[in-house]
Amino acid sequence: MISPLMMQHGKTKSRIRDLFEYGLRQAAIVGKENVFDYSLGNPSVPSPPEIADTIRDLMSMEPLALHGYTPASGAKEAKEAVAADLRRRTGDDIGPENIFFTCGAAPALISVMRALAVEDAEILLLAPYFSEYPVFAATNGMKPVVVPADTRDFQLHADQVEPYITAHTQAVIVNSPNNPSGVVYSRKALEELGAVLTRKSEEYGHPIYIIADEPYRELTYDGEDAPYIPAIYPNTVICYSYSKSLSMPGERIGYVCVPNCAADSADLYAAVAGAARTLGHVCAPSLMQRVISLSTQLRPDMASYDRNRMRLYLDLTDMGFRCIKPKGAFYMLVEAPDGNSEAFSDKAKEKNLLLVPADGFGCPGFVRLSTCVSYDMILRSLPAFRALAAEYGL
Ligand code: PLP
């Protein structure tokens with residue numbers, strides 16, 4: 001017998017994929033240049049050229065060594081390179097024994113969830129959240145508990161999180177810069193969350209971990225910086241990915257970092273390794289581990305993302321839409337003028353504007369735009385946005 005639950009997960013496409021595939025079909029009818037697809041978060045800035053150079057150089061290596069298995073946690077040199085980079089940036093005493101290479105942030109998150117999935121475990125998802133979290137949590141032993149968004153500023157407000165913490169709360173996922181809002185949580189907000197979690201951990205007699213989901217860590221604007229959370233709240237585990245920062249989402253490379261300051265650090269690291277093993281993880285791609293070990297100094301080129309962000313933010317605001325100004329990542333939330341995000345997305349779709357209703361991100365009433373698109377497409381799409389604004393009487 002086939003698992004109905006897995007079948008359901010396999011058959012229900014995300015709204016993002018749905019719209020993206022609609023866009024491809026529509027392009028065949030009206031022409032590619034007349035479809036304005038803001039659905040997918042696929043980086044639009046190419047990887048730094050050094051990545052291709054490094055891959056080319058690595059190709060001269062002895063193939064058995066190059067393509068062979070590495071230890072499950074990653075090759076020692078690769079872990080050392082990542083640890084050295086984190087030490088340099090944060091001053092924390094990160095070593096190779098704190099790093100576990102994964103095939104991107106998604107399996108990193110699932111491994112950490114499974115590592116903390118004791119009986120009746122709950123995990124807090126701070127809306128708006130990455131739409132895969134509820135599936136990841138619910139199918140990996142964690143009951144997802146949603147903390148609603150504060151739609152005034154989309155910041156993290158510890159006093160709004162506190163009522164959702166129970167004796168079963170094992171972790172809170174903190175995703176900053178945030179997908180889908182582009183908001184970067186302030187140091188003060190994180191300190192206040194840390195204080196609440198410290199108090200609640202003492203009250204319930206077990207650590208409540210922050211799972212810092214940070215694929216957009218380096219993608220910030222206006223001089224904004226995403227604070228290093230373990231220095232604010234020690235019981236933090238980091239899930240990182242090179243999918244966005246180095247524009248390598250198809251190469252599937254990232255890591256879990258369990259810093260020494262996290263409670264029961266060595267045991268938690270062992271549990272992450274055990275959880276990865278149960279998922280069939282053997283090792284992260286060995287070629288990509290080598291690439292990363294030679295590329296930790298590379299940073300994304302933010303200029304074109306920033307140009308896209310400001311163009312959309314300024315023009316859409318000018319048209320009368322309420323937009324949340326992104327300070328990081330490459331997404332922007334726009335409020336549906338009448339509060340109905342599904343209808344807003346449908347009306348936009350009639351104009352070949354593909355905007356994702358943010359309901360799936362725990363944020364009804366808003367749509368998400370991926371701003372990692374071509375600048376030309378943005379310019380071509382502006383008349384359609386204007387027509388949409390006119391339809392709503394803005
Ligand atoms: N977390 C967030 C917030 C994301 O936006 C994404 C991808 O879009 C992921 C995790 C998964 O990233 P990866 O491609 O590294 O698995």
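Residues are numbered from 1 along each chain as its sequence is written, and side-chain values use heavy atoms, with hydrogens and water left out. Because the model is predicted, local features need pLDDT of at least 70 and side-chain atom pairs count only at pLDDT 80 or more, whereas totals for chains, interfaces and linings use all residues.

The ligand is surrounded by 14 residues, where a residue is counted if one of its heavy atoms lies within 4 Å. The closest are Ala-105, Asp-213, Tyr-216, Ser-241 and Arg-252. This shell comprises 6 nonpolar, 5 polar and 3 charged residues; Ala, Val, Leu, Ile, Met, Phe, Trp, Tyr, Cys and Pro count as nonpolar, Asp, Glu, Lys and Arg as charged, and the others, Gly among them, as polar.

The distance is 2.6 Å for Ser-241, 2.8 Å for Asn-179 and 2.9 Å for Ser-243. Of the 400 Å² of accessible area that the ligand has on its own, the protein covers 91% (Shrake-Rupley method, 1.4 Å probe).

Side chains of opposite charge can pair when their charged atoms come close. In the whole structure, 19 salt bridges are found, each defined as a side-chain nitrogen of Lys or Arg within 4 Å of a carboxyl oxygen of Asp or Glu. One of them joins Glu-342 and Arg-15, with an N to O distance of 2.7 Å. Glu-342 belongs to helix H13 (residues 341-350) and Arg-15 to helix H2 (residues 15-30), so the pair ties together parts 327 residues apart in sequence. Helices are DSSP runs (H or I, at least four residues), numbered from the N terminus.

Technical notes: A polar contact is a pair of N or O atoms within 3.5 Å; within protein, one must be able to donate a hydrogen and the other to accept it, and residues adjacent in sequence count only if both atoms are side-chain atoms. Helices (H or I, at least four residues) and strands (E, at least two) are DSSP runs, numbered from the N terminus.
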